[in-house]
Amino acid sequence: MSVAAFIEACRAAGLGLLGTDSDALRPATTVDVAAPDWAAAARVARALDLRWAALWADEVADGLRVHCCLEGGGRYLVLRTHVAEGEALPSHTPIYPAADRPERHARDLLGLQLADHPDPRRWTRHAAWPAEVHPLRGDRPLRPEGLGPTPTDHHYPFVQAEGRGIVEIPVGPVHAGIIEPGHFRFQAVGEIVLNLEERLGYVHKGIEKLAVGRDAEGLARLAGRVSGDSTVAHAWAACQALERAAGIEPPPRAIWLRALMAERERIANHLGDIGAICNDVGFAFAQYQLTRLKEAWVRASAAAFGHRLMMDRVVPGGVAVDLAAEAGAVMAAQARALAEEVAAIVAILEDSESLEDRLMTTGRLAPEQARLLGAVGYVGKASGQAFDVRRDAPYAPYDRLPVEVPCYRAGDVAARAKIRADEIGISARLIAALLETLPDGPVRAPWRSPPAPAEGLGIIEGWRGEIITYVRLDREGRVARFFPRDPSWLTWPALELLLQGNIVPDFPVCNKSVNGSYSGQDL
C-alpha cells in the first residue's frame, strides 16, 4: 500500500483530509479525517484493498477521538477523527464486516454513537451495567457501587430462523471442561447447522479501565494477562508501544530473548492445539503424544526463564531475565529433537484415513470469506491470507531473519492444523537461528518517561496472529489509554461462517481449529 495513493484517492473522492503524520504512531502513518468523511474514507480504503485491522476510541476533553487501523502490503495506516459529544460517527461495518464487534465495543464502553450500524444490540458484558452507563468514561469509577450481581441476559434477541423442522440449540456460556465462558446459539435442521451466533463478553475484566493511571511496569504486567496463553506476545506489543512513545531502544540481546520466548510460546500452543483437534474426533493417540511434548516444552521454558508461560519476563526496556549459556545449548538441542518428533507424529496423522475423513473439508472458510473478515494468523493462512507481521512488516530481530510463512487455500480444519504443524518446524529453525546470533550485552535499558504526553503503537505477530496495541501516556508518564487488539477479534466471526452447513457434532473440532481467545477479545 502506498499512503500517497490512499491520500490521492481520498482527494479524488472529494474528501478533505485534515493532516498526516508519519511519526506520531510509527510505523503507521496517521491520517486525520473529518467525522462526516469517516465512512467515505473506509470506502476508499476498501477500493484499494486495504485490510481493516482495528478500531479504538479515546475520550478527550470535548468528545471522543476514534482510531481505525488499516493494513496493506505490510504498511499500516491509522485513520483518526474527532467526534463531538452527541455527534454520530458513520459506521465502517457496512463497508468492512470486521468492524462490527469493535464498533459495538466502543459504543458500549465509551458511548460512541454510530450512524448506519446494522446491529443495535449491546456486545461487551451486556448485562453488567445499565445501557446508558459507559464504564470507560473518565467520570465512571473503577469499581462502581450499588449495581449488585450481574443479572442474567436470557432476553438477548438472537437471530431467529423459522420453518418446518428447524431446531434451536443453546450451548454455554458454561461448558464442560476448562474453556472460558461463551454462548453459542445454533439453528439446525436435523444435524445440519443453518446458522451459528456467538454471544461472548462473559469474561470482560475491565482491562482498559484497569490500565489507566498505571506506570509502564504495571501496564506490562497487565498486558501479560490480556490472554494468558499469549502473555509474551501481548506484553511485547505493549512494551513496544511504550518504548516507541518514550523513545527507548531496548538492547539487542533483550530483543533476541523476546523473540526466543515468543517462538517458544508459539510452539507450546500449537502442540496443544493439534492434540486437541485430534482428540475431538476420537484420535487420542496424538493428544497423548503432543501433550507429553508440550509439558516437556513448558518445563524447559520454566528452567530457562523461570516461568512455564514466561509471564512477566518481557518488561519495558527489555526483559527481566537473561539466558544462561548452558541453557541456550539445551534449548537448541530440545528444539531440534522436538521438530523431529512432531514431524514423525504428523506423518502418522497424515496416514490416517479416518482422521482425514473427519478433518478435510470440515469447517471450510473460503479465501474470499477470510479476506472479507480480515482473518489473520493460522485461520487466515489456512484460507489463502499469507500475512505475517514478522515477514511482511518486520520488526527486530525478525528484520534480520528469514521468516517462512506457510499458506494453504483449503480453509478447512485439516489446513488449520497443518499450518500449526508447519509453524512448529519453522519456529524451531528460528530458535536455532536466534541462539546462533544471540548478541552479548545488557538485557534491559532503563525506563524513562517521555517529557510530554506521548502515544505509541505496538504491532507483534503472536501465535494466533497479529496483535495491535495502542498506548497513550499523560504528562506524568502514566497510562491514559490502553487498547490491545487480540487477533481473536478478527477470527471469532470466522467461526460463525465456517460452521454453516456442517453437522452439529463437528462444532467442537471446528471451534478448536479456530481457538479464539475469549479473554483476549472480551477485555
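Biologist: Asp-119 first. Is Asp-119 buried or exposed?

Modeller: Asp-119 is buried, with a relative accessible area of 12%. Keep in mind that this is a predicted model.

Biologist: Which residue does Asp-119 form a salt bridge with?

Modeller: The partner is Arg-121, and the closest N and O atoms of the two are 2.9 Å apart. Arg-121 is also buried, at a relative accessible area of 16%. Buried means under 20%, so 12% for Asp-119 and 16% for Arg-121 both qualify.

Biologist: What else is in contact with Asp-119?

Modeller: Asp-100 is one of its contacts. Asp-100 lies in helix α3, which covers residues 100-110. At 18% relative accessibility, Asp-100 counts as buried too.

Biologist: Which residues does Asp-100 touch, leaving aside its neighbours within four places in sequence?

Modeller: Thr-93, His-117 and Asp-119. With His-117 there is a polar contact between the side chains, at 3.2 Å.

Biologist: Back to salt bridges. How many does the structure hold?

Modeller: It holds 38. Side chains of opposite charge can pair when their charged atoms come close.

Biologist: Which residue does Arg-292 meet in a salt bridge?

Modeller: Arg-292 meets Glu-341, with 2.9 Å from N to O. Arg-292 is in helix α8 (residues 284-305) and Glu-341 is in helix α9 (residues 325-350), so this pair ties together parts that are 49 residues apart in sequence.

Biologist: How accessible are Arg-292 and Glu-341?

Modeller: Arg-292 is partly exposed, at 41% relative accessibility. Glu-341 is partly exposed as well, at 33%.

Biologist: And what about Asp-388 and Arg-390, are they buried or exposed?

Modeller: Both are buried. Their side chains meet in a salt bridge at 2.8 Å, N to O. Asp-388 and Arg-390 also belong to a network of salt bridges that links them with Glu-263, Arg-266, Lys-381, Glu-423 and Glu-461.

Biologist: New topic, the nonpolar side. How many residues are in the largest nonpolar core?

Modeller: There are 127 residues in that core. The members touching the most other members are Tyr-76, Leu-271, Leu-323, Tyr-398, Leu-457, Phe-482 and Leu-495. Helix α7 (residues 252-280) gives the largest share of this core, 14 residues. At least three residues come from each of domain 1 (3-115) and domain 2 (207-521).

Biologist: Which residues does the second core include?

Modeller: The second core is separate and has 43 residues, including Cys-10, Val-33, Leu-70 and Ala-98. In soluble globular proteins, nonpolar side chains tend to be buried together.

Biologist: You mentioned Leu-271. Which Trp is in contact with it?

Modeller: Trp-297 is. Trp-297 sits in helix α8 and is buried, with a relative accessible area of 0%.

Biologist: What else does Trp-297 touch, beyond neighbours within four places in sequence?

Modeller: Besides Leu-271, the contacts of Trp-297 are Arg-264, Ile-267, Ala-268, Gln-334, Ala-335, Leu-338 and Ile-431.

Biologist: And Val-33, from the second core. What is its bridge partner?

Modeller: Val-33 is in strand β2, and its bridge partner is Leu-17. Strand β1 (residues 17-21) and β2 run antiparallel and are joined by 4 bridges.

Biologist: In which sense do β2 and β5 pair, parallel or antiparallel?

Modeller: β2 and β5 (residues 75-84) pair in the parallel sense, over 4 bridges. One example is Val-31, whose bridge partner in β5 is Leu-79. Strand β2 (residues 29-33) is mostly covered, with 4 of its 5 residues buried.

Biologist: Last one, helix α2. How many of its residues are buried?

Modeller: 7 of its 10 residues are buried, so helix α2 (residues 38-47) is mostly covered. The buried ones are Trp-38, Ala-39, Ala-40, Ala-41, Ala-42, Val-44 and Ala-45.

Biologist: What covers them?

Modeller: The cover includes α1 (3-12), β2, β3 (51-60), β4 (63-72), β5 and β6 (88-90).

Biologist: What happens just after α2?

Modeller: Asp-49 takes a positive phi there, of about 70°.

Terms used
Residues numbered from 1 in each chain as written. Predicted model: local features only at pLDDT ≥ 70, side-chain atom pairs only at ≥ 80, totals over all residues. Heavy atoms only, no water. Core = buried A, V, L, I, M, F, W, Y, C linked by side-chain atoms within 4.5 Å. Buried < 20%, exposed > 50% of the residue type's maximum accessible area, 1.4 Å probe, protein only. Helix = DSSP H or I, 4+ residues; strand = E, 2+ residues; numbered from the N terminus. Domains from an automatic or database assignment. Salt bridge = Lys/Arg side-chain N within 4 Å of Asp/Glu carboxyl O. Polar contact = N/O pair within 3.5 Å; in protein donor to acceptor, adjacent residues only side chain to side chain. Contact = heavy atoms within 4.5 Å. Pairing = 2+ DSSP bridges.
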